[in-house]
Amino acid sequence: AFMHKRGSGCYTTLTYWVFIVVWKLFVIRGLLVLIYCAAAWSFLSGQGHDFVMLLAVVEAAVAAFFALSSFIGSISASTQQAYSILQAVLAFFIIAGGMLINFSSVPRTIRWIESFSIVRYGYESLLITLFHGRSFDCDPTVNAECFTGDGYLHYQGFSIDKRAADIRTLAYITVGLLLLSLAAMTLTRLPLDHGRPRASFWSQARNAVARALHAIARLCQGPRYEDIP
């Protein structure tokens with residue numbers, strides 16, 4: 001829809017980009033973040049500082065994933081390709097983010113891959129906000145799996161003093177990906193060929209890359225149910 005409306009002169013690329021950033025990111029997703037954080041208020045025992053930090057952490061993570069989806073959408077030739085690429089990227093982020101694998105037990109030679117995961121920064125800063133300085137109703141002398149909040153963070157390999165750095169990193173990722181999506185949409189030209197849109201060199205290159213990533217994502221997903229004899 002964006003390509004057809006921009007080609008007809010309904011609005012410019014910058015106008016559309018500003019709209020998705022202001023309306024979809026700050027208004028729509030900001031409201032959802034506020035609702036989520038209000039639901040988590042009871043867990044935080046009514047501490048105002050923790051609530052503000054929770055808002056900042058969740059909004060930073062949501063903004064980073066929104067920017068990621070916007071960038072992937074801007075370089076994909078179709079909605080199906082965008083979803084396939086996003087699924088493959090998110091699968092890597094989740095594996096490298098510490099949600100499925102405890103990276104404190106992973107050899108240091110491959111532990112560096114966690115630095116490329118958006119999930120890692122959001123997950124670490126969220127757990128620090130929720131668990132730092134807290135205790136639970138259990139006796140560690142009776143139950144060996146009983147942790148304090150800081151003990152659990154240490155067990156997961158998270159550093160308590162990294163929350164501010166994680167939020168800044170998510171902010172940098174958000175700004176960078178949004179600017180890249182703006183550049184990708186701006187460089188996608190729509191020259192006319194006998195009244196019909198003709199793909200430019202940038203569009204053809206973008207489509208080739210998107211098709212290759214789509215093929216890789218299909219291989220990672222394995223055979224579909226209807227393809228199994």
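Reader: Which residues in H4 are buried?
Author: In H4, Gln81, Ala82, Ser84, Ile85, Leu86, Phe93 and Ala96 are buried. Buried means under 20% relative accessible area, exposed over 50%, and partly exposed in between, with a 1.4 Å probe and protein chains only. Helices are DSSP runs of H or I with at least four residues, strands are E runs of at least two, and both are numbered from the N terminus.

Reader: What kind of model is this, and how are residues numbered?
Author: The model is predicted: local features need pLDDT of at least 70, side-chain atom pairs count only at pLDDT 80 or more, and totals for chains, interfaces and linings use all residues. Residues are numbered from 1 along each chain as its sequence is written, and side-chain values use heavy atoms, with hydrogens and water left out.

Reader: Back to H4. What should its 18 residues span?
Author: They should span 26 Å at 1.5 Å a residue, and the end C-alpha atoms are 26 Å apart, so the two agree. The expected span is 1.5 Å times one less than the number of residues.

Reader: New topic. Which residues touch the most other members of the largest nonpolar core?
Author: Trp17, Leu54, Leu68, Leu170 and Leu178, out of 41 residues. Such a core is a set of buried Ala, Val, Leu, Ile, Met, Phe, Trp, Tyr and Cys residues joined through side-chain atoms within 4.5 Å.

Reader: Which helix gives the most to this core?
Author: H3, with 13 residues.

Reader: What is leucine 178 in contact with?
Author: Trp17, Val21, Leu25, Phe66 and Ala67, leaving aside neighbours within four places in sequence. Contact means heavy atoms within 4.5 Å.

Reader: Threonine 174: buried or exposed?
Author: Buried, with a relative accessible area of 8%. Threonine 174 is in helix H7. A polar atom of its side chain lies 2.8 Å from the backbone oxygen of leucine 170. The backbone nitrogen of alanine 64 lies 3.2 Å from a polar atom of that side chain.

Reader: How many salt bridges does a search of the whole structure find?
Author: One. Arginine 120 pairs with glutamate 114, the closest N and O atoms being 3.1 Å apart. The rule is a side-chain nitrogen of Lys or Arg within 4 Å of a carboxyl oxygen of Asp or Glu. Arginine 120 is buried at 7%, and glutamate 114 is buried at 16%.

Reader: How many aromatic pairs?
Author: Three. Rings of Phe, Tyr and Trp (its six-membered ring) pair if their centres lie within 6.5 Å; planes under 30 degrees apart are stacked, over 60 edge-to-face, the rest tilted.

Reader: Why is the pair of tryptophan 112 and phenylalanine 116 edge-to-face?
Author: Because their planes are at 85 degrees, with centres 6.0 Å apart. Tryptophan 112 is exposed at 51%, and phenylalanine 116 is exposed at 52%.

How values were computed
A polar contact is a pair of N or O atoms within 3.5 Å; within protein, one must be able to donate a hydrogen and the other to accept it, and residues adjacent in sequence count only if both atoms are side-chain atoms.
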